[in-house]
Number of protein chains: 2
Amino acid sequence: MPRPMKLYNHALAPNPRRVRIFAAEKGMELSLEEVDILAGQCRTPEFLAKNSSGAVPVLELDDGSCLSESVAICRYLEGLHPEPNLLGRDLREQVEIERWNRRMELELFAAIGRTVQNTSSIFQGRFKQFPDYGKAQRVIVHQRLERMDRELDGHQFVASERFTIADITALVAIDIGGRLADIRIAPELAHLTRWHQAVSNRPSAKA
Amino acid sequence: MPRPMKLYNHALAPNPRRVRIFAAEKGMELSLEEVDILAGQCRTPEFLAKNSSGAVPVLELDDGSCLSESVAICRYLEGLHPEPNLLGRDLREQVEIERWNRRMELELFAAIGRTVQNTSSIFQGRFKQFPDYGKAQRVIVHQRLERMDRELDGHQFVASERFTIADITALVAIDIGGRLADIRIAPELAHLTRWHQAVSNRPSAKA
């Protein structure tokens with residue numbers, strides 16, 4: 001039984017959760033080491049040597065080398081544990097899943113991030129907030145949730161007829177928006193509501 | 001000689017340029033079809049059927065199916081034409097290149113995009129701008145260029161000792177920032193200046 005790999009983690013931050021869910025879907029155990037990012041623990045020279053961008057998650061391998069960036073770490077885990085497949089089996093499927101994962105990240109996750117950063121009290125005093133900009137981003141988030149609802153009409157999951165990394169990205173984005181910016185899925189968005197319930201009920205969502 | 005694949009393009013937009021440079025590095029010819037995005041041509045029902053997010057680039061295959069999202073299209077081109085390799089040969093290299101490509105995209109390209117969108121006259125009247133927010137993003141862009149300069153100390157390219165997709169993302173980001181938001185590499189950033197000259201002098205940069 002190999003020793004579990006160490007993941008530098010923050011329990012409430014969205015990007016480490018992406019990796020935790022990905023690993024849980026594959027039945028992989030990770031040894032979590034909490035980094036107190038709000039107290040600046042990822043700005044220490046020791047941590048910056050692991051990831052010069054000063055962010056979690058970071059995956060530390062047995063040889064001491066470190067991988068960072070959530071999707072890159074997920075690609076590494078997929079390479080080690082190909083099943084269940086979450087990034088696509090053949091080229092066309094890989095491209096389609098990457099397309100949808102990027103849309104969830106760049107259109108949804110990023111807009112939720114801008115809303116949270118500019119409106120949530122958790123970031124007050126940490127950096128300058130632009131509340132009017134945050135409010136405008138919130139409108140964009142809701143437009144994107146409506147589009148996502150239309151796209152899920154007739155589709156069980158975001159990118160494919162099975163659960164993939166694109167579902168993880170969207171779930172984590174929506175949940176952090178709910179927790180820090182009170183972003184809610186309107187009940188009339190029935191397809192999105194059904195999808196969110198289904199992915200939230202998977203055991204991996206608790207990871 | 002197979003017919004070149006069709007790329008729905010906009011000559012001045014950054015994301016199609018990423019795909020054009022990627023294809024040029026591989027010696028692949030693409031048949032470019034201009035989409036007048038400023039005139040709303042990517043919001044027509046015909047175009048939305050190709051890409052529901054209403055953005056270029058879109059790669060149309062011979063069977064009529066369409067791929068979108070620049071990095072996903074690049075992955076497809078790499079699958080068809082593996083050499084010269086731009087996304088990594090083995091798993092560890094793929095993960096490292098993806099990490100750096102994401103950093104260039106999420107930390108640099110995205111911050112330049114927010115600066116441009118909120119300060120450039122090209123977007124005036126197209127959507128609501130927040131100039132103060134744009135000015136704050138400009139400060140972040142310059143911090144990231146300084147970090148990139150430090151990271152290029154002793155390294156010829158962004159992700160590896162050879163040219164990869166991460167260099168393309170960074171080049172396209174910096175160039176669009178220069179053109180639309182007067183973002184310039186300060187002359188004291190010698191490593192970044194040397195890198196920018198080297199990648200700009202590659203024939204693919206004209207694609």
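Which residues does B:N85 touch, not counting residues up to four places away in sequence?

1. The residues in question are B:K26, B:E78, B:E93, B:R162 and B:F163, once those up to four places away in sequence are set aside. Please keep in mind throughout that this is a predicted model, and that the distances discussed here are therefore computed from predicted coordinates.

2. As to its setting, B:N85 lies in the loop that runs between α3 (70–80) and α4 (91–119) of chain B. Its relative accessibility is 9%, and because buried means under 20% relative accessible area, B:N85 counts as buried.

3. On another, β1(B) is joined by three bridges to strand β3 (residues 58–60) of chain B in the antiparallel sense, with B:L59 in β3(B) as the bridge partner of B:L7.

4. In chain B, a right-handed β-α-β unit is made by β1(B), helix α1 (residues 14–25) and β2(B). In chain A, strand β1 (residues 5–9) and strand β2 (residues 30–34) run parallel and are joined by five bridges, and the chain passes from β1(A) through helix α1 (residues 14–25) to β2(A) in a β-α-β crossover that is right-handed. A bridge to inspect in this chain is that of A:L7, whose partner in β2(A) is A:L32.

5. For the chain as a whole, chain A has seven helices and four strands, which follow one another along the sequence in the pattern β-α-β-α-β-β-α-α-α-α-α. The radius of gyration of chain A is 17 Å, close to the 17 Å that the globule rule gives for 207 residues, so chain A is as compact as a globular protein of that length. Along the principal axes, the C-alpha atoms of chain A fill a box of roughly 50 × 45 × 25 Å. Buried residues account for 53% of the 207 residues in chain A, and of the contacts in chain A between residues at least 6 apart in sequence, 64% join residues at least 24 apart.

6. Finally, the two copies: chain A is superposed on chain B by a rotation of 180 degrees with 0.0 Å of shift along its axis, at an RMSD of 0.0 Å. That is the relation of a two-fold axis. Among the residues of chain A, A:Y133 comes closest to the rotation axis, with its C-alpha at 3.7 Å. Of the interface residues of chain A, 100% are also interface residues in chain B, so the copies meet through the same surface.

Methods: Residues numbered from 1 in each chain as written. Chains lettered and ligands numbered in written order. Predicted model: local features only at pLDDT ≥ 70, side-chain atom pairs only at ≥ 80, totals over all residues. Heavy atoms only, no water. Pairing = 2+ DSSP bridges. Helix = DSSP H or I, 4+ residues; strand = E, 2+ residues; numbered from the N terminus. Right-handed = clockwise from strand over helix to strand, strands pointing away. Buried < 20%, exposed > 50% of the residue type's maximum accessible area, 1.4 Å probe, protein only. Contact = heavy atoms within 4.5 Å. Least-squares fit on C-alpha atoms with pLDDT ≥ 70 in both. Rg over C-alpha atoms; globule rule 2.2 N^0.38 Å.
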